[in-house]
Amino acid sequence: MDFKYDVPDPSKISPEYDSWKIALGYLLIAGFWIMVSDQLVIFIFNDIDSISIVQTYKGIFFVSVTSYLLFYTLRERIKSYKLLAMKLYDNYSELESTYEELLASEEELEDKIDELNRGKEKIYQQAYFAELTGLPNKNMLHEKIEEMIKADSSSKIIYIMLDLDEFKKINDFHGHEFGDQLLIKLKEKLIKILPKDCHFFHLGGDEFGILYEEDQVIESNIELINNILDIFKDSINIQGHYIYSSASLGISYYPDQANDGAELIKNSEIAMYNAKEKGKNSYKFYEKTMEKKIKDYLQLEKDLKQAIINDEFELFYQPLFDVEKGSVITLEALIRWNKPDQGYISPIDFIPFAEETGLITEIGRWVLQEACRQKKEWREKGYNDFSISINISAKELDDANFYEHLVEQTENKDMDCNNLELEITESDVMENLDKNIKMLDKLRKMGIKVSLDDFGTGYSSLNYLRKMPIDNIKIDRSFIDNIMANQKEMNILSSIIDLSKVIGLNITVEGIENEDQLQFVKDKDCDRAQGYLLARPAPAEEIENYLK
Ligand code: C2E
Ligand code: MG
Ligand code: MG
């Protein structure tokens with residue numbers, strides 16, 4: 001605020017000085033007046049009466065003038081003090097509102113700081129902890145290992161990688177929420193058994209990590225590992241379902257087996273993949289030789305993906321003959337991978353791998369499409385009185401779009417569904433029995449025939465045979481292989497055939513390689529026979545000879 005008047009500087013105001021100044025002024029003026037005016041009056045008037053009267057007027061004049069001067073002086077002083085007081089008052093009000101503003105800003109600032117801190121906390125939480133389990137995550141694992149390495153203690157840093165087996169299946173079947181709950185319950189169980197000095201991480205998905213130090217790694221001292229694996233022996237209740245799960249563990253240690261943290265993690269992962277190959281609920285310590293296997297594995301995955309893009313697959317067909325008439329009833333489509341640098345690769349060498357990696361869905365789609373196309377071509381050539389049989393993996397049945405794709409392909413190729421058979425192995429059906437039964441029912445309603453492949457190698461449950469919506473069973477060739485030498489095997493096979501007939505199923509015997517086996521199949525009155533003796537799998541052009 002600007003002032004029009006000069007405002008005194010309060011520090012320069014002296015009450016004593018100012019008062020003395022006024023009093024002294026008054027004293028001088030009064031003294032001067034008394035002396036001068038008295039002399040003047042005496043000089044002008046010489047009678048005492050006149051002097052007395054003039055003295056009275058002189059006194060009145062003096063008091064009036066000095067009263068005015070006093071009034072004037074005091075007014076000017078007080079005016080300037082008022083100005084000062086006003087300025088102070090304005091400044092004070094201004095200060096007061098500034099103070100209030102400051103207070104408000106301070107609160108706002110505090111809120112902002114709180115918000116910022118919460119944001120920082122959240123970012124830290126997201127960067128270093130898994131959202132689902134609240135456990136430290138991969139980033140924290142890296143930092144913790146670095147910290148341990150820097151500490152440079154003489155003990156070994158051991159890292160265990162834990163990956164659940166077939167967790168995807170659980171997720172696909174029961175839903176993600178169910179899978180999440182399983183992970184949380186497993187985390188709780190693991191926390192209970194891990195020693196206090198172990199660091200426990202959730203690396204994402206179904207992967208966990210355990211990090212600790214030990215003076216000496218003795219690979220036979222696996223108490224902790226056994227304790228971890230034991231957790232999976234009991235079922236876990238989730239939403240009223242008692243579910244069994246299992247995990248594979250890979251273990252490696254620093255500095256013997258790794259030069260840094262990244263290598264330690266990588267090596268445990270390699271060991272874990274090896275444990276997975278070994279089977280469910282097992283562990284493996286890292287070994288140098290494992291790396292080649294992993295490289296081969298990754299190469300195969302790459303090659304297989306490339307094979308899909310480059311169209312390197314072919315279908316061979318193997319006839320299934322009517323035992324009585326000797327005619328071809330069905331052609332089973334058997335995939336071959338014609339790898340440019342290696343020639344034909346058997347499905348046994350890549351189908352299980354494709355199932356594991358999920359590539360089977362795409363491969364299966366190609367098989368269905370190609371088999372339907374070939375069937376259409378043969379139909380147009382006039383070869384029509386046989387059906388086509390296609391092998392299906394459980395993973396394909398699991399695929400949400402399997403049914404739609406099947407309908408689309410059969411409609412596109414004008415395929416009569418009565419001429420289509422799908423082969424699925426018993427163990428594949430059993431993996432997800434209720435769901436698969438529903439799907440097989442749906443397929444049969446379309447007119448598609450369902451065959452239970454490789455019967456005798458899996459559960460071989462005659463009880464389940466009744467429940468399964470199937471039309472044929474294909475008895476695995478391991479049975480026929482043994483029957484001639486082994487009377488017991490022959491009796492078992494005979495019983496299976498008899499029982500299947502009672503249930504009303506068609507019977508195919510696979511793997512007929514010699515006349516004795518064929519005779520047995522004829523004697524037992526089986527419906528269909530397949531085997532090298534009758535016809536080997538062959539490309540479509542060669543197979544046309546049988547059709548002719
Ligand atoms: P599978 O469905 O049981 O097919 C029969 C297998 O036995 C074929 O092997 C066939 O060549 C072989 N075989 C037939 N007769 C005889 C015989 O008399 N003696 C002997 N030793 N073997 C015989 P292949 O073609 O190598 O197929 C192996 C398996 O790969 C198939 O067994 C099937 O499970 C799977 N597979 C083949 N093609 C496909 C496909 O397109 N999709 C899926 N998901 N699996 C397939
Ligand atoms: Mg088959
Ligand atoms: Mg078979």
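Q: What is the relative accessible area of Asn-391?
A: Asn-391 has a relative accessible area of 27%, so it is partly exposed. Buried would need under 20%, and exposed over 50%. The model is a predicted one.

Q: Which category does Glu-332 fall into, buried or exposed?
A: Glu-332 is buried, because its relative accessible area is 4%.

Q: Which residues coordinate the magnesium ion (ligand 2)?
A: Start from the donor atoms. Glu-332 (OE), Asn-391 (OD1), Glu-423 (OE) and Asp-453 (OD) coordinate this ion, at 2.0 to 2.2 Å. Asn-391, one of these donors, is the partly exposed residue from above.

Q: What spacing do the donors of the magnesium ion (ligand 2) follow along the chain?
A: The spacing is E-x58-N-x31-E-x29-D. Glu-332 sits in strand β9 (residues 328-339) and Asn-391 in strand β11 (residues 387-391), so this pair ties together parts 59 residues apart in sequence.

Q: Which residue bridges the magnesium ion (ligand 2) and the magnesium ion (ligand 3)?
A: Asp-453 does. The two ions lie 4.0 Å apart.

Q: How many disulfides does the structure hold?
A: First, the idea: a disulfide is a covalent bond between the sulfur atoms of two cysteines. Here the count is 0. Cys-198 has 12% relative accessibility, so it counts as buried. Cys-526 is buried too, because its relative accessible area is 4%.

Q: Which domains does the domain assignment give?
A: The assignment gives domain 1 (10-119), domain 2 (138-286) and domain 3 (297-547).

Q: How far apart do the C-alpha centres of domain 1 and domain 2 lie?
A: Those two centres are 90 Å apart.

How values were computed
Residues are numbered from 1 along each chain as its sequence is written. Chains are lettered from A and ligands numbered from 1 in the order in which they are written. This is a predicted model: local features need pLDDT of at least 70, side-chain atom pairs count only at pLDDT 80 or more; totals for chains, interfaces and linings use all residues. Side-chain values use heavy atoms; hydrogens and water are left out. A disulfide is a pair of cysteine sulfur atoms within 2.5 Å. Buried means under 20% relative accessible area, exposed over 50%, partly exposed in between (1.4 Å probe, protein chains only). Domain bounds come from an automatic or database domain assignment. Donors are N, O and S atoms within 2.8 Å of the metal (3.2 Å for Na, K and Ca); water is not among the atoms, so sites may look incomplete. Helices (H or I, at least four residues) and strands (E, at least two) are DSSP runs, numbered from the N terminus.
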